[in-house]
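Here are some notes to read alongside the model, written for someone opening it for the first time. Take the points in order and keep the viewer open.

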Amino acid sequence: MSVDKNGKELPKGIMLRSDGRYMGRFVYAGEKHVVYGKTAKEAKKKLDELKYEVEHGLYGKETNLTVDAWLQIWIEQYKALTVKQGTIRTYYNCYNIYIKDRLGKKKLKDIRAEHIQALYNSLHQQGLNRNTIEIVSIVLGGMFKQALKNELIVKNPVALATLPKDNERKERRVLSKEEQQIFLSHAKESQYARVFEFALSTGMRGGEIKGLTWDNVDLSRRIISVRHTLIKEGSTFLLDTPKTKSSYRDIPIMDNVYTLLKRQKAWQSENRLKLGEYWHPVEGLEALVFTTNVGTPIDKEYLKNSIDGIVKNINDAGIEFEHISMHTFRHSFATRCIENGMNPQTLKAILGHSKLSMTMDLYAHVLPDTKAEELEKIANLF
């Protein structure tokens, strides 16, 4: 009978060593297995876990696999052929920015729910919004769910962690009608003026605008078909599939957009002839609607810098104008649609939202500004 330092009987398979550590051991299929712990309780826990792994065929199956190593296997073997490249890139970016430093070097089988919870809480305390933390959870959840299927772990720790409540959202920046006109007026000298007007008139995402090709523009039927988004991997531009299934959509061409597209087509033809060999579009992307002055795809940094420059000029002119981004144009388009009474389901289809709740969130933002006016319409009922 083995006893601990206080003379108390130890569990079966556990004994006290001369160096003060506790050792647990058992034999399975003729093979000896040993674990050690600073306390009898620790040694017993390790012994029970090891017994489970051995008896269920888990022991020896990549038991020293790190989270970093499993990410690579998970993506290469289980995701590369089932999701689009843009999603793969999102997985890598999310992992490298938010997960790698904290969990990457740990053994996959050693990750517990408290590790995942600590990661979530840390990201929340850094001020990240819930959407970003949800993406972290999706990546980790996919990794560990597959690891459980492969019997590399006994249970999925991600399923046991809880996402923190969302931080208070910043107010969504939307241009008023007056601001919209001020911006477009000051943007006339920018080579991307038509891009900005197009964004304000269609509500398309920045990547969808940059990836729009002429074969998806039907001027005779006045329809724009959203079928691609432009992505950049390193220094290489590629056409990728849209964000979600609902992002595949057709958008009616308004009069100003029709005129804009006709001018853009004429401008491209003139520039192509004028520059000759100096007009050099990227191979495979020759049919982009919006390009730089030499026919190359538009980098998002070009648009950001141009917008920042225009806003600076507006402020320098003595007009107070807050910072905006390409996404501001999308929100502003949606706001104009709501202000003019567009049905939520119609707006959802035009914006390519995957859920009606996303569209209704825009309504919740816009409608409070007009609720007093709306209430006046029914005041005579009381």
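1. Which hand does the crossing of α4 and α5 have? It is right-handed; a crossing counts as right-handed if the near helix is turned clockwise from the far one by less than a right angle, and left-handed if anticlockwise.

2. Before going further, a word on the ground rules: this is a predicted model, where local features need pLDDT of at least 70 and side-chain atom pairs count only at pLDDT 80 or more, while totals for chains, interfaces and linings use all residues. Residues are numbered from 1 along each chain as its sequence is written, and side-chain values use heavy atoms, leaving out hydrogens and water.

3. Back to that helix pair. α4 covers residues 113–125 and α5 residues 130–149; helices here are DSSP runs (H or I, at least four residues), numbered from the N terminus. They pack at about 160 degrees with axes 10 Å apart, the axes being lines fitted to C-alpha atoms over the stretch in contact, with angles from 0 to 180 degrees between N-to-C directions. α4 and α5 are therefore roughly antiparallel (the cut-off is over 145 degrees). Look for I116, L119, Y120, L123 and H124 of α4 meeting I133, V136, S137 and L140 of α5, where contact means heavy atoms within 4.5 Å.

4. Now try α11 (residues 326–339) and α12 (residues 344–351), whose axes come within 11 Å and cross at roughly 155 degrees. That makes α11 and α12 roughly antiparallel too, and their crossing is right-handed. On the α11 side you'll find R330, F333, A334, C337 and I338, which meet L347, I350 and L351 of α12.

5. For aromatics, the whole structure has eight pairs (ring centres of Phe, Tyr or Trp, using the six-membered ring of Trp, within 6.5 Å; planes under 30 degrees apart are stacked, over 60 edge-to-face, the rest tilted). One of them is F183 with F196, edge-to-face at 5.6 Å centre to centre and 70 degrees between the planes. F183 is in α6 (residues 177–186) and F196 in α7 (residues 193–202), so the pair ties together parts 13 residues apart in sequence. Both F183 and F196 are buried, meaning under 20% relative accessible area with a 1.4 Å probe, protein chains only. Ring pairs also link F183, F196, F321 and F329 into a cluster.

6. Stay with α6 for a moment: its buried residues are E179, Q180, I182, F183 and L184. Their cover includes α7, α10 (300–316) and α11.

Note on methods: Helix = DSSP H or I, 4+ residues; strand = E, 2+ residues; numbered from the N terminus. Buried < 20%, exposed > 50% of the residue type's maximum accessible area, 1.4 Å probe, protein only. Parallel < 35°, antiparallel > 145°, perpendicular 65-115°, else oblique.
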